[in-house]
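Open your viewer and get ready to click along. We will go from stop to stop, selecting a few residues each time.

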Amino acid sequence: MSNIGSYEERLRDFDWGIARQVLGWQDGELLNIGHICSDRICARGKGAKTALIWEGFGDRKARYTFDDLRVWSNGFAKLIRDDLGVGVGERVCVFMDKIPSLYFSFLGILKAGAVAQPLFSAFGDESLEVRLKSAGTTAILTTQKHVKKVRKLRERLPALKHVVVVDGDPTKVQPGETYFDVERAPRVEEFESFRAEPESRSVIHYTSGTTGQPKGAQHVHSSIWSQALTTSWVLDLRDDDTYWCTADPGWVTGTSYGIIGPWALGATQAVLDSGFVAERWYRFIQDNRITVWYSAPTAIRSLMREGEELVRKFDLSALRHLASVGEPLNAEAVVWSQKVFDGKPFHDTFWQTETGSIMISNYPGMPVKPGSMGKPFPGITATVLDLKTKEPIREPGRVGLIAFRPGWPAMFRIYWNQEDVYRSKFAGETAGRTPTELRTADDLWYVSGDRASIDPDGYYWFVGRDDDVINTGGHLVGPFEIESALIEHEAIAEAAAIAKPDPVNMEVVKAIVTLKPGFAPSADLELSIMNFIRKRLSPLAMPQEIEFKDKLPKTRSGKILRRYLRALEWGEEAGDLSTLEDD
Ligand code: PRX
């Protein structure tokens with residue numbers, strides 16, 4: 001029997017209060033995510049249980065109990081609050097690979113009452129700078145490997161008071177930086193965690209939109225109700241599971257389901273901090289007897305490419321539940337997983353940085369329709385809205401905008417310093433309402449920015465994004481960020497970044513540029529541009545191709561028509577340029 005039992009029955013009289021039952025919550029307990037994921041599990045008698053099984057490049061391995069998690073996160077909490085003097089609500093960035101200290105420090109930041117800002121360690125200078133500037137980040141925790149990028153930016157980031165290096169040789173730390181290796185520092189047995197209110201800020205995740213720089217989606221401590229309940233009902237995690245979430249905590253999947261949900265439930269998590277190598281992945285599952293696996297379509301398609309023979313070399317019999325998120329999970333990938341993993345399909349789940357937790361999903365026990373994202377989570381009111389009128393579509397099969405009635409616990413509370421953009425995500429009468437009123441309104445819709453249709457059985461079928469954001473390998477890349485980097489190159493006059501089809505990543509980035517007078521297209525110039533932007537962007541945002549054009553199509557007001565360029569690239573009906581509206 002799965003944790004959710006009958007999906008249909010769970011829909012009846014649903015109340016988020018059930019999350020408390022799932023966690024065994026008592027009134028008056030401390031609602032602090034850092035505390036709940038470590039101290040609370042120890043207090044419930046599971047201190048000696050393995051919390052983290054970790055493997056890195058080569059044969060580096062480590063194991064940590066919940067008591068270790070408690071003590072090492074205390075160490076970071078003390079550093080942040082007592083030694084550095086970081087105040088409640090200040091942003092502390094975690095900028096490291098998936099090493100154990102990333103997990104300890106994330107929880108430590110929350111225990112200290114600060115806001116955790118995890119950023120993907122592969123980010124180049126510019127990607128990092130934009131996000132630290134936007135958040136007004138006070139402190140950054142990083143490693144010897146990545147601190148160089150921070151050093152280059154420090155002068156330009158007046159709010160950044162502390163740079164902490166958490167590993168390596170203490171003599172390599174420069175003046176003005178703090179060295180803190182938690183496992184070598186004195187143990188901090190007791191730390192009184194910040195007494196968070198349900199609305200106290202917890203985590204800020206940056207996500208890309210079509211226009212402007214990335215936006216910081218702000219989450220709060222009470223998000224844990226959604227995260228814990230969905231971990232139980234969708235991922236079906238139980239006490240004796242060994243769970244692997246392949247996502248990096250630089251993205252929301254890696255925090256909501258790679259830290260918070262599973263550890264709130266006291267489950268053992270495995271983390272593999274190495275790049276994608278199919279054999280290594282299968283060995284990791286086999287050797288650690290992984291039972292529940294949450295991954296992403298690009299990884300699954302990459303495994304498919306390596307063929308069935310490779311899978312069969314490993315004993316993956318411990319696996320019992322598989323789920324996927326981040327981009328469309330094609331029907332072939334579901335059918336393939338059923339075949340090679342002994343009848344177990346990947347269960348597609350749909351959600352976003354902004355939603356904080358799974359919104360639409362295939363549940364254990366509910367028939368999977370390969371290619372469909374499944375049905376809304378109990379407690380989530382979902383619909384698709386007419387593209388023009390923004391009214392809910394009643395008839396099955398018609399494509400509209402996926403939208404949710406606001407108010408579930410893990411919903412983001414604001415885009416940091418961008419209330420207008422936050423406001424623009426709601427359909428309905430928003431004028432005169434505060435951000436909190438928007439979030440709790442029962443007559444508004446939060447519009448996801450994705451298109452889908454709903455079939456007569458209530459299953460959602462993803463169609464595509466409603467904007468120009470590129471989803472490459474499950475990661476959203478904003479065209480504006482790439483274009484901004486491109487036009488800083490001396491030869492480039494104008495630039496457009498669009499998606500181009502790709503068999504594994506589904507989409508990859510393509511840049512289309514025009515040149516300034518005096519410059520001519522050449523292979524050398526293309527190389528020079530690539531080298532120029534490589535340092536500024538994350539590897540994922542790097543264009544796979546640069547096309548030179550004499551001019552770019554524009555709207556009457558002069559905005560570059562990415563949508564038109566994209567349609568040309570995909571061989572789709574591009575429409576008549578003269579009728580394309582400014583929007
Ligand atoms: O376009 C949708 C796509 O990823 C977007 C959210 O990306 P992000 O905020 O980075 O969060 C990713 C992990 C939660 C969505 O707006 N997306 C996510 N899940 C799916 C998906 N597209 C199709 N199918 C999915 N299951």
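Here is a short tour of the domains, their interface, the cores and some charged pairs.

**Before you start.** This is a predicted model, in which local features need pLDDT of at least 70 and side-chain atom pairs count only at pLDDT 80 or more, while totals for chains, interfaces and linings use all residues. Residues are numbered from 1 along each chain as its sequence is written, and side-chain values use heavy atoms, leaving out hydrogens and water.

**Stop 1: the domains.** Colour domain 1 (64–196), domain 2 (382–464) and domain 3 (467–570) separately; such bounds come from an automatic or database domain assignment.

**Stop 2: where domain 1 meets domain 3.** Contact means heavy atoms within 4.5 Å, and 8 residues of domain 1 touch 9 residues of domain 3 in this way. The two domains bury about 630 Å² between them, 43% of it on carbon and sulfur atoms. Buried area is the accessible area (1.4 Å probe) that two parts lose on being put together, summed over both. Now select Ala 122, Glu 126 and Ser 127: they supply 55% of the area that domain 1 buries against domain 3, more than any other three residues.

A salt bridge is a side-chain nitrogen of Lys or Arg within 4 Å of a carboxyl oxygen of Asp or Glu. How many salt bridges are there between domain 1 and domain 3? The count is 2.

**Stop 3: the cores.** A nonpolar core is a set of buried Ala, Val, Leu, Ile, Met, Phe, Trp, Tyr and Cys residues joined through side-chain atoms within 4.5 Å. Buried means under 20% relative accessible area, exposed over 50%, and partly exposed in between (1.4 Å probe, protein chains only). Select Leu 141, Trp 263, Tyr 294, Phe 404 and Trp 408, which have the most contacts inside the largest core, a set of 106 residues. Domain 1 and domain 2 each give this core at least three residues. Zoom in on Leu 141: its contacts beyond four places in sequence include Phe 76, Ile 80 and Val 166. A second, separate core of 27 residues includes Leu 310 and Phe 314.

**Stop 4: charged pairs.** Select Asp 82 and Arg 81, whose side chains meet in a salt bridge (2.9 Å, N to O). Asp 82 is partly exposed at 42% relative accessible area, and Arg 81 is partly exposed at 32%. Finish with Glu 199 and Arg 439, another salt bridge, at 3.8 Å.
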